[in-house]
Amino acid sequence: FFLFDEGWWVLWDIYNGYVIAECELNSTLYNSSTWDTTALRPDLCTAWTSQVNDTLEANTRIADHTMSVELAACDAKQCTGSSQSPSIICMAKNGVMHGFLEGEYSKTEVVGPYFGTGEWERVNKIYHNGQEIEVYLWWYGEIDVDTLFPWWVISANTLTEGIERNGNVSIYGYCESSALNPSACSAGWSFFFGSDFHYDDTFEMYEGECIEGVTAEPLDFPEYLCVALKNEWLGSDSSYLPTYYYIGGYAQADGDPIASDNKPMWIKPKNDYFPSDIYLYYDATFSWWLLSTEPYNDYVAEIACMEDTGNTPIQCEQWYDSESSLMDNMYFYECSAADIDTHSPTNDPTASPIVSPESVCLVHNSIMQSYLEGQYVQTGVVGDNYHTEEYQLSPSKTDNAGNVINVYLWYFGEISETEAKWVLSPWNVTTAKSLNDADDDGVDVYGYCEGDAHSPDSCESCWHFFYKGRWYEDCVFTVSTQLTECMVHDDTNPGVIWPLYICVRTTENAAGNASNADLDGIVGGYIRDDTDPWTAGSIPVYYKPVNDYTDQRQYLYFDEFYSFWNVGPELYSDNATLKCMEQSYNRLPSSCKVWYYGGDVASTLKVRSAGCTEEDVLRVTDHGTTKSSAVVWIVLVCAVVVAVIVAGVWYFKRKGMKGRALSGAMAGNGGPAVEMDAKPMTGEQQPGMDMSPLNEAQIVQ
């Protein structure tokens, strides 16, 4: 799809759901007043960025000075090769982790029921771990004459099986073409790896037998290999792998009984930096070099490099983790035995002793999780893998229902070696390990900090917290060894003058997410309740009486446990309509800056005491809606209409220009409801042979 959206031209792959190319109009020449005309002129956009063909990173785009758009008809695309179906087809030069597809394919006797296209089967059988890998080539248009995918596909299933299953089969790759001869498809082939299909501009498919290449000279494999970082400051390119998983020295294994394609295996011994052996080996079936915690087990491999030319790991150029992140900051070089690290004190060099603080202070949470703040002390539990300390919130806290809340701070690598994250969790590390081993859904966490620091105060990344179904980045949240920051704040607030009236108002020029009915219940004047005790220490409760717009009293109150100001029909309920996390410590609701409706910012709503009087406190009348309240109603309706439009545009932009979703270590299906949001962490691994179903459900609507 070729789309225009608020000054941006976007070429969107609707099947994979990511942007192929994009261009922003020159803002000095064009703005919103010109979009009615520029929406019909993509040729005006010149600063294009486009996806790199030979990368597996779906969201990586670079400046493309060769791309342009012309308001003219394109030249007709000519199919290559003959229109007749050949008896033999050769596949070669796969560049997207599918080297096992290369080879000759012979035509079977199967013929498609609608268009009479053929089916091809791999001639030379291939096996992996003792199991045959079946590969077939056929045209998906034979499944259904009205299919959305009249494409040639390479699949593990036959055409007959595809028809029997109504197209519900997995495929390795596809080429968008209706040519009767698959080798005549000139649109280019895309192959599945990780979570997306990736275009492969090196892949070849041609008629006839495969052309044998020139035999290469025997390679001299070094006895020792080392992995290092090009830039120490940048750290790991992976979102989940610590650098110590792969950096360090590797020694060639002696007498490897199952050496693949006569290429040796190297081993990095477990050491003070990483608790497991790491194996570097070649898999001739898939034509890739792999780094794994187990030898010749692709299912637990974490880093791979596609290499079908027989070169060494040093010459392999593009290494990827299992989430398809390009590991561009790592490189291989020949080294010596002195570079091999082991557990101290058996050999040098070894890691410096780990010194962890006895207690830390967590402060300044800005993502609705202030109950996590406080002092955390060592529990005496030390991890088995990295020997990091576990911390517990002390003293524990009690929520509004009287439940004791325990929160633990520990390193996730202690239960999953490849997860370089400090986490805050309702579970201690011992229980978490049992849960992680027994349950594929993983372990609930409130938040995490990415990095392989051996102490939580040394984690340099921004923390992320889970709230209302989403992860939010919190770069002001701090883990400090300055325990004075954890001093209990005096909530008596002797200098605060609590206003008699507070108003919840709307703005006309911002988008919100509340419905009309919710706005009717929220907007208006609130009066201080001096008849009841102030239930949150020295902080009063405000209420809005029943009136012509709502038959239920609404409360504005402070929740000490969560540090939230809430607006809703019940006191101390998890179902408050509006929430704002108080951070100014003067406790005035008018000082609360960002109010949330559900999990979204309620940008149309403002809470103010200035200018709010008794006249703003609406009550039940005998004559219904007043003129002024009718104006409020019109404003609210307009605000909601704007909200729907803006929300639609935002949804459109998010679907079209999506970033990398959290996966692998952070995959899961949600956490506990209410305010104490947690999200499961799992250690899912990508299998060696990546396939994906070809079906209409894949299309992003």
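**Close-up views of a predicted model**

**View 1. A buried pair, Lys421 and Glu419.** Lys421 and Glu419 are both buried, a word used here for under 20% relative accessible area, with exposed meaning over 50% and partly exposed in between (1.4 Å probe, protein chains only). Their side chains meet in a salt bridge, 3.7 Å from N to O; the term covers a side-chain nitrogen of Lys or Arg within 4 Å of a carboxyl oxygen of Asp or Glu. The structure holds nine salt bridges.

Two notes before moving on. This is a predicted model, where local features need pLDDT of at least 70 and side-chain atom pairs count only at pLDDT 80 or more, while totals for chains, interfaces and linings use all residues. Residues are numbered from 1 along each chain as its sequence is written, and side-chain values use heavy atoms, with hydrogens and water left out.

**View 2. The whole protein chain.** Step back for a moment and the protein chain shows five helices and 47 strands; these are DSSP runs numbered from the N terminus, with helices (H or I) having at least four residues and strands (E) at least two. Of its 701 residues, 49% are buried. Take the contacts (heavy atoms within 4.5 Å) with a separation of 6 or more: 57% of them are between residues 24 or more positions apart. The chain exposes about 33,200 Å², and carbon and sulfur atoms supply 50% of that area, as worked out by the Shrake-Rupley method with a 1.4 Å probe; for residues, only the protein chains shown count as cover.

**View 3. Lys93 reaches Glu204.** Here the side chains of Lys93 and Glu204 form a salt bridge, at 3.3 Å from N to O. Lys93 sits in the loop between strand E6 (88–92) and strand E7 (103–111), and Glu204 belongs to strand E16 (residues 204–207), so the pair ties together parts that are 111 residues apart in sequence. Lys93 is partly exposed, at 48% relative accessible area, and Glu204 is partly exposed too, at 30%.

**View 4. Asp43 beside Arg41.** Another salt bridge links Asp43 with Arg41, and their closest N and O atoms are 2.8 Å apart. Asp43 is partly exposed, with a relative accessible area of 24%. Arg41 also counts as partly exposed, at 34%.

View 5. Tyr114, Phe115 and Val145 make a nonpolar surface patch of about 310 Å². Patch residues have over 30% relative accessible area and no salt bridge; nonpolar side chains (Val, Leu, Ile, Met, Phe, Trp, Tyr) are joined within 5 Å, and like charges within 9 Å. Val145 comes from the loop between strand E11 (136–139) and strand E12 (152–155), and is partly exposed at 47%.

View 6. Most residues other than glycine have a negative phi, and most peptide bonds are trans. Tyr296 has a positive phi, near 55°, and is found between strand E21 (288–292) and strand E22 (301–306). Tyr296 is buried, at 18% relative accessible area. His364, also not a glycine, has a positive phi of about 65°, in the loop between strand E25 (359–363) and strand E26 (374–382). His364 counts as partly exposed, at 38%. Finally, Ser394 and Pro395 are joined by a cis peptide bond, with omega about 0°. Pro395 lies in the loop between strand E27 (389–393) and strand E28 (397–398).
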